[in-house]
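Me: I am new to this structure. Could we go through its side-chain contacts together?

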Amino acid sequence: MNLGIIGYGNIGELISQNIINHDFYNLNKLYIANRTLSKINHLKDTDPRISVTDDNTEVARNCEKIIISVKTPNLINVLEQIKPHLNKDTQIIHTCAGIDLKFEDNGLSCVIPTISSTYDKNNPKKGVSIIMHDENVSAENKDFVEDLFSKFSHIKVVDNTLDLEIATIAASCMPAFIALSLDLFANKLEERCNLSKEETFKILAETLNSTTYILNEDIYSPDELINKVATKNGITQKGLDVLDEDLPAIYKRLICNLL
């Protein structure tokens, strides 16, 4: 089986690198297309199973499975471009959130990966990929998508566009929100002490990492963890009071602007 990836932006690169580093998942060949060929030329030298091109129709002609990872406004144009070169069994997967369309009898699978799933040999499976299949996607094709992405990420399958958007905010947008929050917090801490921003940021990032582990492994629930850290009239409780007063309105505004 040949798999094609159209588009080598942040997400196209993430998917490609995970496939390559997980030994291709028994693929015969991996076709990667990008309009700037110089960006992907080096890939063909890493393995004889990789073919690169700036022609999307070459992918369409040679691949049974195709992942389209382009900017959302370009998705329909790419589909129309490759449509004459597809056969009736070609499976199409795309990574474009916020678009609801039908395409041919085989249907479409939408997958929203996260930058958190960037390949790391010491932690090869991380982050959450959100998946939604339309009603025409066969059970076999559903299994292919879910198996492929579960090799390098956890997966969550949803069945409607609203849940897809909400889950995308939680899994795909959140890394940027967390990074901004840590960066702003580190800036403010730096203003009040002799530690550099790099030092305070490192403390925050390591603390976030260990806190995530505690919550993800169900060592403590959120409430239990808060109670373990906060003491009455202590500095943690004072901080919690500020956050509890301000964050609900901030998160409400954030979600209203995203949906």
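Reply: To begin with a definition: rings of Phe, Tyr and Trp (its six-membered ring) pair if their centres lie within 6.5 Å, and planes under 30 degrees apart count as stacked, over 60 as edge-to-face and the rest as tilted. The model is predicted, so local features need pLDDT of at least 70, side-chain atom pairs count only at pLDDT 80 or more, and totals for chains, interfaces and linings use all residues. Residues are numbered from 1 along each chain as its sequence is written, and side-chain values use heavy atoms, with hydrogens and water left out.

Me: How many aromatic pairs does the count come to?

Reply: The count is one aromatic pair. Phe-149 and Phe-152 form this tilted pair, with 5.4 Å from centre to centre and 55 degrees between the planes.

Me: Is Phe-149 buried or exposed?

Reply: Phe-149 is buried, at 0% relative accessibility (buried means under 20% relative accessible area, exposed over 50%, partly exposed in between, with a 1.4 Å probe and protein chains only). Phe-152 is also buried, at 0%.

Me: New topic: how many salt bridges are there?

Reply: There are seven salt bridges, each a side-chain nitrogen of Lys or Arg within 4 Å of a carboxyl oxygen of Asp or Glu. In one of them, Arg-49 meets Asp-23 at 3.4 Å, N to O.

Me: Which other residue forms a salt bridge with Arg-49?

Reply: Asp-47 does, with the closest N and O atoms 2.9 Å apart. Asp-47 is buried, at 15%, whereas Arg-49 is partly exposed, at 25%, and Asp-23 is exposed, at 52%.
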